[in-house]
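Here is a quick tour of some side-chain contacts. Have the model open while you read.

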Amino acid sequence: MTKAPVLTPRADDFPRWYQDLITKAELADNGPVRGTMVIRPYGYGLWERMQSEMDARIKETGTQNAYFPLLIPQSYLTREADHVEGFAPELAVVTHGGGKELEEPAVVRPTSEMIINDYFSKWVQSYRDLPLLINQWANVVRWELRPRLFLRTSEFLWQEGHTAHATYEEARDFAAHIHRQVYEDFMVNVLAMDVVPGRKTVKERFAGAVNTLTLEGMMGDGKALQMATSHELGQNFAKAFNTRYLSKDGKQELVWQTSWGSTTRMIGALVMMHGDDNGLRVPPRLAQIQAVVLAIKGDEAVLATVRELGDRLKAAGVRVQVDDRTDIPFGRRAVDWELKGVPVRIEVGPRDLENGTAMLARRIPGGKEPVSLDSLVSLLPEVLEEDQALLLKQSRERRESRTTEVATFEEAVEAATAGGWARIPWAVLGEEGESKLADHAATVRCLVAEDGSVPDADDAPGNVAVVARAY
């Protein structure tokens, strides 16, 4: 009798597979309020690693971390019309506190442009105060009608950067730097995710921005996911909050601003881009556990070897965990670590000791092979880097093989509805065609130049629209 699979096969039901994996790999659970989530320790460990890598890159730009209140006076949101209109349907509003109705309702932050700009207007007085570069690690609430763990939840974790500059060029260049040197570098080199950097269309632009830069990734089912965005805000918020500085020429000038963010959605992307029918596959550079050393049996010599191996690997800089829980069947533990996507398992039993070897199981390419106990520590870093590169290669090959160059609206729709991406000249599609894509549950994910670079303008000659269905 065939044994039932641990997870629903991806080819049978991709959304069910996604939910199965998140549950069985112990990444998260649904929260008690609809649309919220509880991030379990293994899932939160992934987020902590993401935070650490991102935070280092953000700080290299000269940006400093700060914290602003969760509750924002409702009146703040009326100061920038496009911004409030963009977020109005998603707002959660507090009307009572301390047993009384509040004099002014407070909005639970959907983003912090409003409250941060209020303080920027107080902190910026002179050109000497610029650039002002602030980042916040926090939670936000956007009331979600169709929640899905990590992808769309009413509360999620993120970082949001907010900056003020003396000139348009400085703000534009800083937004682009965050886009490429912080976000793209992190996603490609740590998450091993092939992403397409591009420019959002006017229709898809962040509410209140004059330009939005995005990174789009193709998931395992061919749909797109917006991974992170960096926005040029122009002077829209500076005007709303009267954020001015005294220039070197002695004139009062409005500042130019940016904002940018990435979220726990990246954990969902990790699942959907790298996961397979056996579970998650975590890129070694991200993994909080790069290698797990498993004792197959509770033999004293086996346990001593497993623990000693763990110490040697740790001393060599490998993030390692020793699994000596021999009261739990070995097969169950092996399946559990496979589900969690730990890059390498090192399995040691009495027979392995007799041979002076351990069984090396590689999660990313798959397969097992016996390896000399003496060579394991020197071999492992090379193995981890090979597997990191393989994940990136596989994600790039998926995107390239499932992206079609098309010449008509109909061909673009056909490619998107068939589970792939289409590239169509923006001059052919245009805003009219973009509006019609909604009838087919597709959108323009971004605009790119013919050579794949990010265009300088919405209507730059040769712009290409990337069309797909998306999460």
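## Ground rules

Helices (H or I, at least four residues) and strands (E, at least two) are DSSP runs, numbered from the N terminus. This is a predicted model, where local features need pLDDT of at least 70 and side-chain atom pairs count only at pLDDT 80 or more, while totals for chains, interfaces and linings use all residues. Residues are numbered from 1 along each chain as its sequence is written, and side-chain values use heavy atoms, with hydrogens and water left out.

## A greasy patch

Leu-70 sits in the loop between strand S3 (64-65) and strand S4 (71-73). With a relative accessible area of 31%, Leu-70 is partly exposed; the cut-offs are under 20% for buried, over 50% for exposed and partly exposed in between, with a 1.4 Å probe and protein chains only.

Tyr-67, Leu-70 and Leu-71 make a nonpolar surface patch of about 280 Å². Patches are built from residues with over 30% relative accessible area and no salt bridge, joining like charges within 9 Å and nonpolar side chains (Val, Leu, Ile, Met, Phe, Trp, Tyr) within 5 Å. The areas come from the Shrake-Rupley method with a 1.4 Å probe, and for residues only the protein chains shown count as cover.

## Rings

Rings of Phe, Tyr and Trp (its six-membered ring) pair if their centres lie within 6.5 Å; planes under 30 degrees apart count as stacked, over 60 as edge-to-face and the rest as tilted. By this rule there are 10 aromatic pairs. Take Phe-120 and Trp-123: their ring centres are 6.4 Å apart and their planes are at 45 degrees, so this pair is tilted.

Both residues belong to helix H4 (residues 113-123), 3 residues apart, or about one turn of the helix. Phe-120 is buried at 0% relative accessibility, whereas Trp-123 is partly exposed at 40%. Ring pairs also link Phe-68, Tyr-119, Phe-120 and Trp-123 into a cluster.

Side chains of opposite charge can pair when their charged atoms come close. A salt bridge here is a side-chain nitrogen of Lys or Arg within 4 Å of a carboxyl oxygen of Asp or Glu, and the whole structure has 30 of them. In one, Lys-340 meets Glu-26, with the closest N and O atoms 3.1 Å apart. That pair links distant parts of the chain, 314 residues apart: Lys-340 is in helix H9 (residues 330-340), and Glu-26 is in the loop between helix H1 (14-24) and strand S1 (28-30).

Lys-340 is buried at 6% relative accessible area, while Glu-26 is partly exposed at 32%. Salt bridges join Glu-26, Arg-40, Asp-336 and Lys-340 in a network. The charged end of Lys-340 also sits over the ring of Tyr-42, 5.6 Å from its centre; the rule is NZ of Lys or CZ of Arg within 6 Å of the ring centre and within 35 degrees of the ring normal. Lys-436 likewise lies over the face of Phe-409, at 4.7 Å from the ring centre.

## Two other salt bridges

Arg-399 and Asp-194 meet in a salt bridge at 2.4 Å, N to O. Arg-399 lies in helix H11 (residues 376-401) and Asp-194 in the loop between helix H5 (168-189) and strand S9 (195-199), so the pair ties together parts that are 205 residues apart in sequence. Arg-399 and Asp-194 are both buried.

Asp-323 pairs with Arg-325, the closest N and O atoms being 2.9 Å apart. Here Asp-323 is buried at 1% relative accessible area, but Arg-325 is partly exposed at 35%.
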